[in-house]
Amino acid sequence: MIFIGGIHGNEPAGVLALDRMMSFLQSKNIPLNGNLYALAGSLWALENGERYHKHDLNRLWTKDRLLQIQEGEIAIEDQDTIEQIELYECIKNIIAQDEGPFYFIDLHTTSCETSPFIVMNDSLLNRRFTSLYPLPSILGIEEYLEGPVLSYINELGYVAFGFEAGQHDDEASIDFHYAFCMLSLQFTGLIEKKAIDINDYYDKLLSSSVVKRDFFEILYRYEINPGEDFKMLPGFVNFEAIKKGQKLAISDNQSVLAETRSRIFMPLYQAKGSEGFFAIKKVSLFALKLSAVLRNIGLDRLLGYLPGVSYEKQSTLRVNRKIARFFTKDFFHLLGYRSKVLDQDHYLMSNREAASRTDEYELETWFK
């Protein structure tokens, strides 16, 4: 198990919870059925109480940038690059020296008030494991964020997801992180069931949630442009229901209105960040089951025969939005594809199932 805390330096709760967890395991001399790693993501930012130095460390994990790191061609001009290289080498060494299966969990907090939730790339493997927790889960955030560390790890095929414990400065966020970590140790079998009583941890997370342990999908994101004067209206909390046309924020003295009836997700109440807010909707149980069936039978292999759809490379589709206008993004989501906008007329869609190392987890007790 690999926990990452503090990849944003203004989110120290995860690091504090990991320190508490490691101290508890050592003081009680609890044996581990495997290896446990607790990583602090951005040491400089944590020490200085800043989200990052010059670049968001959780937006730098793109293929091109990682290739530059591997070949030693990246210019080291800021603390964030130093931190990324060290974190990358650490993750690479763990994967090389250990046998797995691997579990990566990225610990975060938010600038707004929120009850705990899980955020993840939409793969059946991730869905299956995170269903163990009594928490709501957000699918598909990889469509809207460029270069988060979890997308890099998911592309390697491992179970990897994020946990958001609460507001940055709320002491309860540390407790929720700690409870989540302790549950994770037992869900994976890293510690024996008799080693700790997890009922209190489970109940703590269960009682914390303002919504049911459902899956939600992101409808849209409000992206803040460079130089834009953006301010959220005060008082919004995560998962709060919003109406179409409701005023949510002010941008350059103009009102920002909700595009549709939905729930607001991660409204921005801090100085740094490029995502003003997201809007989310609940995914029906029928859609979840249907997507699992369609992915398991490999229906996506036929997508290349659809008009306006072609394979850019294995498991990656190029979709002409004018020709394939009858096939919505929701249709491709069912089959495990998530999109990046190439230009006004084209999507590039990657299959999250293709990389999953499902066979490496089939003997795990939770998989049955």
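Where does F239 lie? F239 is found in the loop between β8 (230-232) and β9. The phi angle of F239 is positive, about 70 degrees, although F239 is not a glycine. F239 is also buried, with a relative accessible area of 2%. Here buried means under 20% relative accessible area, exposed means over 50%, and partly exposed lies in between (1.4 Å probe, protein chains only). Helices (H or I, at least four residues) and strands (E, at least two) are DSSP runs, numbered from the N terminus.

The structure is a predicted model: local features need pLDDT of at least 70, side-chain atom pairs count only at pLDDT 80 or more, and totals for chains, interfaces and linings use all residues. Residues are numbered from 1 along each chain as its sequence is written, and side-chain values use heavy atoms, with hydrogens and water left out.

The protein chain has ten helices and 17 strands. Its radius of gyration is 20 Å, close to the 21 Å that the globule rule gives for 368 residues, so the chain is as compact as a globular protein of that length. The radius is taken over C-alpha atoms, and the globule rule is 2.2 Å times the number of residues to the power 0.38. Along the principal axes, the C-alpha atoms fill a box of roughly 60 × 50 × 45 Å. Of the 368 residues, 53% count as buried. Contacts (heavy atoms within 4.5 Å) were also counted by sequence separation. Among those with a separation of 6 or more, 68% join residues 24 or more positions apart. The accessible surface comes to about 17600 Å², and 50% of this belongs to carbon and sulfur atoms. Accessible areas come from the Shrake-Rupley method with a 1.4 Å probe; for residues, only the protein chains shown count as cover.

Ten strands form an open sheet with mixed pairing. Their order is β2-β1-β3-β6-β4-β5-β7-β13-β12-β9. β2 (37-40) and β9 (241-242) stand at the edges, each with a single partner strand, so one side of each is left without a neighbour in the sheet. Two strands pair if DSSP finds at least two bridges between them.

I2 has Y37 as its bridge partner in β2. Y37 and L39 make up the covered face of β2, while A38 and A40 make up the uncovered one.

Strand β1 (residues 2-5) also pairs with β3, in the parallel sense and over four bridges. Here G5 has L107 as its bridge partner. On β3, L107 points the same way as Y103, I105 and T109. F104, D106, H108 and T110 point the other way. In a regular strand the side chains alternate between the two faces of the sheet. Strand β3 (residues 103-110) is mostly covered, with eight of its eight residues buried. Strand β6 (residues 159-167) runs parallel to β3, and seven bridges join them. H108 stands opposite E164 in β6.

The loop between α4 (79-97) and β3 holds P101. The peptide bond from G100 to P101 is cis, with omega near 0 degrees.

Strand β12 (residues 262-265) and strand β13 (residues 275-282) pair in the antiparallel sense over three bridges. The bridge partner of R263 in β13 is I280. M266 is found in the loop between these strands, β12 and β13. M266 has a positive phi of about 50 degrees although it is not a glycine. This residue, M266, is partly exposed, with a relative accessible area of 22%.

K282 belongs to strand β13. Not counting residues up to four places away in sequence, K282 touches D214, F215 and F216. K282 and N58 are 224 residues apart along the chain, and their C-alpha atoms are separated by 26 Å.

Helix α9 (residues 285-296) contains S291. S291 is buried, with a relative accessible area of 2%. Leaving aside neighbours within four places in sequence, S291 is in contact with R127 and L334. S291 and L335 are 44 residues apart in sequence and 5.9 Å apart in space, C-alpha to C-alpha.
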